[in-house]
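Here is a short note on the fold, written as numbered points. Keep the structure open beside it as you read.

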Amino acid sequence: MDKKSRQFLYEYLNNASPTGFESSGQQIWLNYIKPYINDYMVDVYGTAVGILNPKATYKVVIEAHADEISWFVNYITDDGYIYVRRNGGSDHQIAPSKRVNIHTEKGIVKGVFGWPAIHVRDAAKEEAPSLKNIFIDIGAASKKEVEDLGVHVGCVITFEDELMELNKNWIVGRALDNRMGGYMIAEVTRRLYENKKKLPFGLYVVNAVQEEIGLRGAEMISRRLKPDLAICTDVTHDTQSPMYNKKESGNLKAGSGPVVCYGPAVQNNVLKMVIETAQKRKIPFQRQAVSRSTGTDTDSFAYSAEGVASALISLPLKYMHTTVEMVHKDDVENVINLIYEFLLQLKAGHDFRYIK
């Protein structure tokens with residue numbers, strides 16, 4: 001990670017891009033990759049696509065998603081407290097005592113998720129945090145005061161947390177799921193340009209919106225692009241820290257390499273090529289199996305239109321959907337390298353069908 005990459009990473013990760021409100025982050029991402037692409041497009045809901053070789057008939061996608069989990073203002077009490085509902089898979093249990101940013105047309109309004117002091121709680125009858133009892137305090141004494149600050153039902157809310165590094169090897173913060181993916185595919189694009197690599201196919205670098213509420217951005221853009229191949233990247237669970245069940249979630253370790261996924265949406269010939277690339281280039285990797293779907297944008301690409309040969313390369317991550325998501329720097333580098341090397345060995349027109 002050089003100075004330019006690091007500056008982009010911090011600017012991109014520290015920016016808020018909640019589901020449905022991703023445009024500011026998409027602009028940061030596009031500004032970074034524009035020098036390395038031939039063209040770009042942005043669809044009506046905000047999915048951004050950098051394009052190399054736009055006239056080529058064989059189309060390859062590398063993809064990540066741009067949005068982060070958040071909250072919506074759902075109800076404002078007469079005495080100025082705010083109740084919320086989820087925008088994506090936001091975790092109610094981590095909310096109490098967190099600082100928040102409420103995004104309004106007048107700008108950011110600061111607030112906190114309040115919680116009763118330990119002194120006044122009965123340990124025998126303690127309520128766990130839930131959507132029924134978590135609330136935001138912005139220091140207002142009435143509903144009118146809340147509204148005068150520009151806060152209304154429908155305003156989106158994000159946790160206030162910034163990127164940091166731990167023990168030299170770890171990147172920590174909110175929304176690493178999956179703006180680390182956006183960072184990694186941008187770095188692949190930059191390396192292709194700076195190493196003067198000419199691909200024999202069209203490359204579509206896709207940063208999709210609205211993954212956290214049902215893979216919606218990928219669903220829309222896959223229909224528009226109609227690619228021949230899609231390599232998606234997202235995060236997956238590191239299962240080494242306490243309270244994870246390896247028998248259920250697999251044995252995956254951050255720092256041990258990218259994770260390749262086995263499952264119905266993953267086209268096996270594409271997966272085989274990914275693994276062969278890793279083995280040839282001595283890139284460490286891990287394996288993961290899924291039951292039905294990957295739960296990532298891979299599913300939307302795989303099953304779009306007549307079907308798209310697709311594979312998933314995941315970044316191991318600790319503490320998903322918290323404000324302290326953690327990834328290992330070695331894994332970030334190895335995901336970038338694996339996608340980069342895969343693209344370099346791919347031939348235009350490669351037919352991935354099982355039976356020809």
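1. Some terms come before the details. Two strands pair if DSSP finds at least two bridges between them. Helices (H or I, at least four residues) and strands (E, at least two) are DSSP runs, numbered from the N terminus. This is a predicted model, where local features need pLDDT of at least 70, side-chain atom pairs count only at pLDDT 80 or more, and totals for chains, interfaces and linings use all residues. Residues are numbered from 1 along each chain as its sequence is written, and side-chain values use heavy atoms, with hydrogens and water left out.

2. Look at the hairpin of S4 and S5. Strand S4 (residues 70–76) pairs with strand S5 (residues 81–87) in the antiparallel sense, over 6 bridges. The bridge partner of Trp71 is Arg86, in S5. The hairpin has 4 residues between its strands, and Gly80 takes a positive phi near 90° there.

3. S5 also meets strand S8 (residues 135–137). The two run antiparallel and are joined by 2 bridges. Tyr81 stands opposite Asp137 in S8.

4. Now the open sheet. It is formed by 8 strands in the order S1-S2-S12-S3-S13-S16-S14-S15, and the pairing is mixed. Strand S1 (39–42) and strand S15 (286–289) each have a single partner strand, so one side of each is left without a neighbour in the sheet. Neighbouring strands of this sheet are turned by 25° against each other on average, direction ignored. Such angles run from 0 to 180 degrees between N-to-C directions, and axes are lines fitted to C-alpha atoms, for helices over the stretch in contact.

5. Val259 has Gln286 in S15 as its bridge partner.

6. Which strands does helix H2 touch? Helix H2 (residues 23–33) packs on the sheet against S1, strand S2 (48–52) and strand S12 (202–208). Contact here means heavy atoms within 4.5 Å. The direction of H2 makes about 10° with that of S2. Helix H9 (residues 329–345) packs on the sheet too, touching strand S3 (59–65), S12, strand S13 (229–237) and strand S16 (309–317). The direction of H9 makes about 165° with that of S16.

7. Last, a helix pair. Helix H1 (residues 3–14) and helix H4 (residues 176–194) pack at about 150°, with their axes 10 Å apart. That makes H1 roughly antiparallel to H4 (angles over 145 degrees count as such). Residues of H1 in the contact include Phe8 and Tyr12, and those of H4 include Met180 and Tyr183.

Technical notes
Angles under 35 degrees count as roughly parallel, over 145 as roughly antiparallel, 65 to 115 as roughly perpendicular and the rest as oblique.
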